[in-house]
Amino acid sequence: MSLQFLGASGTVTGSRYLVEAGTSRMLVDCGLFQGYKQLRLRNWAPFPVPPESLHAVLLTHAHLDHSGYLPRLCHEGFSGRVHATEASCDLCRILLPDSARLLEDEASYANRHGFSKHAPALPLYSEADAARCLEHFSCVDWDTALDLAPGLQATFRPAGHILGASSIALNHAGKTLVFSGDIGRQRDILMKPPARHDHADYLVIESTYGNRLHAPDDDGEALGRIIRETAARGGVVVIPAFAVGRVQALLYQIHLLKERAAIPPSLPVYLNSPMAIDVTELYRRHRRLHRLTPEQCKAMCHVAKNVNSVEESIALNRPGMPKVIIAGSGMATGGRVLHHLKAFAPDPRSTILFAGFQAGGTRGAAMLGGATEIKIHGELVRVRAKVACLDNYSAHADQEEILEWLGGFREPPRTTFITHGEPEAADVLRKRIEDKLGWRCHVPEQLERVMLG
């Protein structure tokens with residue numbers, strides 16, 4: 001069995017792992033590169049192996065940095081099956097067409113306004129590509145061996161993080177290779193804790209928060225304080241948020257804050273993400289995967305006014321009363337939140353509030369780094385609003401929670417490969433695992449290939 005790192009090496013995006021076992025060739029995850037331009041350009045590069053040579057894709061979860069390249073892969077010739085849990089399949093039916101629409105809209109906007117260097121600007125893939133890709137999906141059951149080929153099996157275990165998220169164990173010729181996927185938190189406000197594995201000959205572990213600890217749970221006090229102070233100034237709180245997981249955690253926390261009058265109960269809250277609206281409804285369907293009761297689910301779904309039309313979205317940018325606007329995307333890389341940033345980032349009364357990790361090269365990382373201007377739709381926008389970040393709404397395990405998850409293994413893997421993190425985060429986690437657990441660790445390079453004996 002061999003393993004090649006086609007993404008998520010030296011970066012937190014573009015999760016793609018090529019596994020070759022016997023005569024089978026498959027991917028674990030097929031994500032988009034995001035952030036720095038040199039990373040985004042990898043999405044346009046020829047795929048390292050012919051897509052038609054792949055027999056299957058195993059999907060740890062539906063976030064676009066793990067699933068978002070699938071429509072392009074299918075467009076380029078992949079015709080195998082995409083295996084994912086039921087909730088991940090449901091989420092991809094929402095996320096992938098939405099991603100395609102955004103890509104098409106951005107290309108169209110660039111062509112209309114002439115700020116693209118390409119003539120014409122083209123989307124990475126189309127909504128039709130996304131629809132065809134979804135025909136390849138097959139739902140798998142938790143904790144049940146899936147036969148991929150003679151002598152090759154895969155088992156999906158709950159990873160917390162978001163609905164449907166999994167860690168995956170591949171078994172071939174007496175060897176077990178485990179992919180952690182994105183590990184959820186032990187005491188997440190929404191999701192149940194991640195299940196553990198007790199054995200792996202080889203392990204691929206994420207390191208998004210490998211060099212950090214989350215702030216202690218403050219019962220929403222920091223969020224409430226930011227909202228109260230911004231409203232008192234007459235400003236608007238704009239929260240760029242991932243449509244899956246982060247939006248729902250924020251909505252539920254805002255419900256709790258209003259319930260105890262920690263923020264004004266009458267303060268308007270708007271959810272300006274049709275995709276997030278659809279995702280939130282999935283929490284009703286997949287109740288066994290999270291902590292909320294039916295009553296709590298209902299409260300989460302009704303705390304904000306859903307914004308569906310473009311006209312309603314534009315109206316939110318008009319000056320008026322204080323309010324909270326939650327919109328995608330979480331790192332301000334696209335979507336409706338960009339129009340809200342153009343409207344409110346120049347306003348010193350307002351607050352741009354990020355809720356989780358911001359990858360290098362994104363607008364979110366730039367603003368948190370103190371940028372006084374950001375480029376949106378080809379024009380520079382001044383940043384005079386307050387900029388803040390709340391890390392405790394992240395759905396990723398931090399360093400100690402990762403170590404706690406690793407404690408489930410009865411004996412050390414032969415090698416633990418540390419991926420899906422910025423270079424410092426990956427290296428700090430490597431050293432922490434080596435020092436505390438005594439395991440052999442390796443931080444792979446992009447396109448590095450290893451034989452698993």
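Which helix holds both Arg-430 and Asp-427, and how many residues apart are they? Keep that in mind; the tour gets there at its third stop.

First, some ground rules. What you have open is a predicted model, where local features need pLDDT of at least 70, side-chain atom pairs count only at pLDDT 80 or more, and totals for chains, interfaces and linings use all residues. Residues are numbered from 1 along each chain as its sequence is written, and side-chain values use heavy atoms, with hydrogens and water left out.

**Stop 1: the two domains**

Colour residues 2–212 plus 397–451 as domain 1, then 221–389 as domain 2. These bounds come from an automatic or database domain assignment. The C-alpha centres of the two domains lie 27 Å apart. Each domain brings 31 residues to the contact (heavy atoms within 4.5 Å).

The area buried between them is about 2,800 Å², and carbon and sulfur atoms give 69% of that. Buried area here is the accessible area, with a 1.4 Å probe, that two parts lose on being put together, summed over both. Now select Leu-163, Ile-189 and Leu-190: in domain 1 they lose the most area to domain 2, together 25% of what that side buries.

**Stop 2**

Side chains of opposite charge can pair when their charged atoms come close. A salt bridge is counted when a side-chain nitrogen of Lys or Arg is within 4 Å of a carboxyl oxygen of Asp or Glu. The structure holds 21 of them, and one crosses between domain 1 and domain 2.

Is Asp-90 buried or exposed? Asp-90 is buried, at 9% relative accessible area, while Arg-285 is exposed, at 57%. The cut-offs are under 20% for buried and over 50% for exposed, with partly exposed in between (1.4 Å probe, protein chains only).

**Stop 3**

Go to Lys-342 and Glu-379, a salt bridge whose closest N and O atoms are 3.8 Å apart. Lys-342 sits in helix H11 (residues 337–344) and Glu-379 in strand S18 (residues 379–382), so this pair ties together parts 37 residues apart in sequence. Helices (H or I, at least four residues) and strands (E, at least two) are DSSP runs, numbered from the N terminus. Both partners are partly exposed, Lys-342 at 23% and Glu-379 at 40%.

Arg-430 and Asp-427 both lie in helix H14 (residues 423–437), three residues apart, which is about one turn of the helix. They form a salt bridge too, with closest N and O atoms 2.8 Å apart. Arg-430 is partly exposed at 21%, and so is Asp-427 at 37%.

Before moving on, select Glu-20, Arg-25 and Arg-449, which are linked in a network of salt bridges.

**Stop 2: helix H13**

Finally, pick residues 399–406, helix H13. Six of its eight residues are buried, so the helix is largely enclosed by the rest of the structure. Among the buried ones are Ile-402, Leu-403, Trp-405 and Leu-406.
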